[in-house]
Amino acid sequence: MAALDEELPAVSGASSRGRTWRTAAPYLLLLAVALALPLFANDYWAVIASRAAVYWICVAGLNLAVGFGGQLAVGWLALLTIGAYAASILVGRAGMDPFLTFLPVAAIGVVGGALIGATALRLSLFYFAMLTLGFSTIVTQIALAWQSLTGGGIGLPGPAMPAPFNTPWGFYLFCLPLGALCVWMTLNVAASRFGRALLAIRDAEVAAEASGIRKPAVIVTVFAFAGLTATVSGQLFATLQSYITPDAFTFDLTVLLFVAILIGGRGSVLGPLLGTILLTLLPEVASPLVMWAPFLYAFLLLVIVLAVPGGIAELIDFKNRKPLKSGRLILPVPERLPALLDAARSDAAIGVSGLSVSFGAVRAVVDLDLTVPAGQVTGLIGPNGSGKTTTLNAISGYYVPAGGWVAVGGHRLAPGVSSSRAAAGIARTFQTPRLVGEASVIDNAMIGGSTAGRASFVETLLALPRHGREEAHLRARALAALDAVGLADLAEARCDRLQHSEQRFLEIARALMMRPRFLLLDEPAAGLAVGEILRLGALIKELRRLGVGVLLVEHHADLVLDVCDQVNVLNFGRLLAGGTPDAIRQSEEVRSAYLGA
Amino acid sequence: MPISAPDTLLRVADLHAGYGKIGILHGVELTIGRGEIVALVGPNGAGKTTLLRGISGLIRAQAGAILFEGTDLRGLGPSHIVRRGLCHVIEGHRIFTQLSVHDNILLAGYGLPRSELAVRVEEALAVFPEIAERRHERGASLSGGQQQMLAVAQGLVRRPHLLMLDEPSAGLSPVLVDRVFEAAARLRQAGGSVLLVEQLIDKALPVADRVCAMVRGAMVLDRPTGSPGLSDEIAAAYFS
Amino acid sequence: MLGAIVASGLAMGAVYALVGIAYNVMFNASRAMSFTAGTVGMMGGVLGALFIGRFGLPVPLGLAATLAACGLFGVVTEIVAVRPVLKSLDQHLYVLSTLALALMATQFTAIEWSTEPQPFPRLLGGVGGVLDEKFWLPLAACAATIAGLEYLHHYTLVGRAFLAIAEDNYAARALGLPERNLRIAAFALASAIGGLAGFAAGELLLAYFANAQLLAFYGFVPVALGGIGNNRGTIVAGLLLGLLQQAANFIVGGVFASVAVFVVFAAVILIAPQGLLGGQRARRV
C-alpha cells in the first residue's frame, strides 16, 4: 500500500472537500429546518415530526436492503411491530428502564433481520415479497391472539420516557438525533464497499460474484442492520402512540415504509428520506386526504414505477442532466497498468483438465483440456454454440462441471463457487456488460476492489479511520484504472449514460481493480469500432507483457490472430485444433469448421 | 427513395439495428428478387440473425428502410409482417413441445380463415411425410431433425412470398439437411423466394442462386453462386 | 366435525386454487406475477353483493356483470401495470406496479364500498349444513373453471395460442401470433376466474375489501407449492391447503391455522423454491 501512495496521486483534497459540501448541503438544510421546527410550530406538529423521524429510522435500514440491495422486503412492518411489543412488554410488564430496553429490542431486531435476510438468499424476488408480506400478516394476528402477553385487541401501554423526553417536543428532540444518526450511518454504508456490493448484487449479480463479493454475508449483515433500525423505531413508535393495539400496525403502514423508499429512489439516501417526510406529511397538509392517503401512496408508487423509475433522487440529480461530451474517444493509457498490478510475477497457469459441462442432455463441453499460462494471451474461438462461453463460465465457477476440474498453479478451484475466483486471481468481463447503470463510473470500477476491503460493517457504519483510509486508497486506484482504460474523464458520470463500447472498457477497469493474475475476456470487441479494437489489442498486449494470463473468447478473427500466442478452436464442445495464429489460419480443419467445406 | 424494380421482392437499405445500446447492423444492404434463393453467410457475430430479426419485425430497426413488395415494413410488428407473406423460421427449431405436430402448424396459420387453414395445414404436412405420420404426437416426441422440419413446415403454412430460414441445418444429419433444402427449392418453384442463413456454405451453395456474406454488421460480398473462386473469396472475407 | 372440516376445507381450498389459477394464467401469458389476482377475488365478492344484493339484479345477470367487470379490470391491469414494465422483466418492476394497482383498487373499495365486511346474498337457497351452497359453490366454480380451461386449450385456436405463448414467447411472436392481444385476453380471463372465485365464495368470505390481501397471499401459496404456471399442481395444492387450514382452524384455533399455513409455505419455498411439483429455472450467465 505504501508503494501505491507514491505512484498514485491521492484524490486532491480541495475537490474532495467541495464534493463533500455539495453532498451534505441538502441534509444540513433539512437538519436546520428540523431544529428550527420547535420555534414556530405547535405541539401537534411535534407529534407529526416525531412520527416522520420514527418512520425514517425504520426506512433508513430497510432502504439499504430494498433500495440498494434490491430485496423486496414488503412486510418489514413485522419487525417494527415486534419491536414495539417487545419494548412495551419489557417496560410495562417487566419494569425495565426504557433506555436500557433499547438494547434487547435492538438485539431482537438484529437476529430477526438476519433470519429474514437468510431467507432472501434462497428465494426469488416475488417469493420473498410474498413471504415478508405473509410474515407481517402473521405477526399482527399473533399479537391479536396472544392476549396474555400482548393484551390482544385491547392492547397495552407503550413505554413511557422519563423527563425531559416526556413532552411532545422533548420526545421529538430524542428522535431527531437518532434519525440524523441513521442518515449519517446509511450514507457511510452507501459510500462503502458494502453499499457498492449491494448495488452490484441488485443490478449485476454475476459480476458481483466474479468480483469476489460474498452475497450471503453482505445480505445477512445488511438485513440485520435493517432489523435493528426497525425494532428500535418500533420502540419509539410505541412511545409515540402511548398505547398500542394490533390495529396500530395497519397494512397502510407497511405500504408507507416500502413506498417511501421507491418514491425516494433506489440507491439513494436523500430520496427515501424526502419520501418518508413527504408520505408522513401528505395526509396532514390537506385533511380530506386522510382517508385517501393509502390510495395516494399506491398511486404515487405506480406513477414512480412507470414514469420516474429513479424516483425523487433522479428528479433532483441535476449533475447528470448535463449532456456528456459528444464524439468521445476511448484512449487507454497502457503505461498506467504497471501501478495497478502486483509487481511480483508468478508462473502459475490456469489448467483446465478433462472439463465436461452438460445442460440436461446437451453436452456443451466435452473432456476439454486447456492451459492459460501467465504472460500469454490464449485465444478460444469456434462457431456458435461450440462451448466457448460455457468453458469460460465453468472456469469462473458459474457452472458445476459434470467432469474434470479447473486449477490455478496446481490447486484445484472449488467447482461452482464463482465468488472464490477473485481470490484465486481470476477476473473476467462479460459478453453483455454487467454494470450498475444508476451508479457512477468510478463506483462501478470500485466494485472490482471489493475483496481488498478489511473494514467491518460496524467500522463502516461509524466511519472509523480504517474505513476512510481504505476508501481513499480504493478511489485513487479506481481513478488510475479508469485512466488506464481511457475513461478517467467520465469517472463521475452515471454508468448508464455511457456508450456500449465505453461500458466494455469499464468492465476491464473493474477487472483490473482485483489485481488479477488472469483475465478472462468474453467477446470484448463485440460492438466496438475498428479504432477501439486496435486500442483494446494494445491494452491486452501490455497486460501480457506485465505477466497477466489472458483468455480471449472472440469472434473478431483479426483481433484474435493479432494478439494471441496460442489459439484454441472449439467445435461441438471439443477441442478441434490448437496452435499459433499462423498455424490456425492455414488449418484446413478450422476452415472447414467455420465454412462447412 | 427509388422505386423498386418490379421483380424486386425485398430491398433492405442502410439498415441499422441492435439490442439496446449495442449496435449490430451498421448500414446493411440486401436485395432479393422474386423466385430467388439467396444464401446469407458470415462468421459468428456478424449480425445475420439480427438482420433476419430486423426484417421480420422481432426487433425494431433504428434506421434505414425495409421495402417488401413496395411497402416499408419498419415499425410493423411480426404479426402484421407475416400476414403480408414474409415468414421467418427462427434458429434452433423452437417449436412448441407441449402441442401436437398438427397444432404447431395450425398456430402458424393463426388468423387465416378457418376453412382455408385446414387446407394449408395439409399442404404443409404433405411436404414432410415423416412428420405428417406423427401429426397427433407432441412436438417433444420428435427428433431434432423432425423438429426442424416442423419449424420449416410452420413457415410454409402461409404460402410465403419470402421465407427466411435461420440456420436450418444446425445439428441435422446430411440427409435431413437435404430434405429441408428440397423444401426451399419447392417453394421457389411455386414462385416464392428464400433467404437462407447458413454456416455450411458448401451445403447452401448448390441450392442458392446468389450468396451474400456479412462481416461485422455489414454486407461485404454479393455474388451469383456460379462465379469462380467464390469459396476463397468468402474465406478471405471471414479472416480479414 | 369431520364433515364440517372437509366441507369448509374443500370450499376454501377451491377458492385458493382458483386465485392461484388466476396467477398462473397471467404468468403464462406474460412471465409476470400479478398481485391483482387477490384483488379480483375480493372484487368478485364485493361486486356480487353490489349487483345482486344492492341493485337487485337476478343471479345470472349479477354473475355475468361481476365477471365482466373483473375481466375489464384485468384488461386495465395488463395495459397499466404489466405492458409498460414487460421490457424490464428482469428488474421485477411488475411486482411493484401490480402491487400498486392492487392497493389502489383495494383502497378504493374500502372507501367507496365499506371498511367493514358486508353480507353476500344467498344465491340459490336450499339446504344448510355441510351440503349448503356456500360450501359447494366454490367447488362447482373450480370444476367449471377446470373444464373451461381444458376446453379452451384443447379445442380452440386461442387456447392453443395461450399454451404456445406460455412455452416460448419469442417463437410465438416470430410465428406471427398477436401476442399483445392474446396477453390482454389472458389477463381478462384470469381476472374473470379470480372474480368467479370471490363470487362463489361470497357467502364464506363476505364482501370485504381486506379479502384482497388475504387472497393475494393464500392464493399464491398453492402456486408456490404446485410450481408457478402449473395449474394441476395449483389445484391439488390449493385443496390440500384449504383442508390443512380448516383442520388446524377447528383443532387449534384460527390464529394458529394461519401460522400453520405460513410455516408450511415458508418451509416448502425455502426447501424447494421451484415448488413441489416442478417449475423452470432460467440460465443466469
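This is a predicted model: local features need pLDDT of at least 70, side-chain atom pairs count only at pLDDT 80 or more; totals for chains, interfaces and linings use all residues.
Visitor: What makes the radius of gyration of chain A agree with that of a compact globule?
Guide: A compact globule of 597 residues would have a radius near 25 Å, and chain A has 27 Å, so the two agree. Along its principal axes, the C-alpha trace spans about 85 × 55 × 45 Å. Chain A holds 25 helices and 12 strands, and buried residues make up 52% of its 597 residues.

Visitor: Why is A:Asp565 called partly exposed?
Guide: A residue needs 20 or more C-beta neighbours within 10 Å to be buried and 12 or fewer to be exposed. A:Asp565 has 14 inside 10 Å, so A:Asp565 falls in between and counts as partly exposed.

Visitor: Where in chain A is A:Asp565 found, and which residues does A:Asp565 touch, leaving out those up to four places away in sequence?
Guide: A:Asp565 sits in the loop between helix 23 (557-563) and strand 11 (566-571). With those sequence neighbours left out, A:Asp565 touches A:Gln376, A:Val377 and A:Thr378. A:Arg544 is 21 residues away along the chain, and its C-alpha atom is 9.8 Å from that of A:Asp565.

Visitor: How many residues of chain C are in contact with chain A, and which helix of chain C gives the most?
Guide: On the chain C side there are 30 residues, in contact with 34 of chain A. Helix 4 (93-112), helix 10 (211-226) and helix 12 (254-271) of chain C each supply at least two. Helix 4 gives the most, with 11 residues. By class, this side of chain C has 24 nonpolar, 5 polar and 1 charged residues.

Technical notes
Residues are numbered from 1 along each chain as its sequence is written. Chains are lettered from A and ligands numbered from 1 in the order in which they are written. Helices (H or I, at least four residues) and strands (E, at least two) are DSSP runs, numbered from the N terminus. Two residues are in contact if their C-beta atoms, placed from the backbone, lie within 7 Å. Ala, Val, Leu, Ile, Met, Phe, Trp, Tyr, Cys and Pro count as nonpolar, Asp, Glu, Lys and Arg as charged, and the others, Gly among them, as polar. The radius of gyration is taken over C-alpha atoms; the globule rule is 2.2 Å times the number of residues to the power 0.38.
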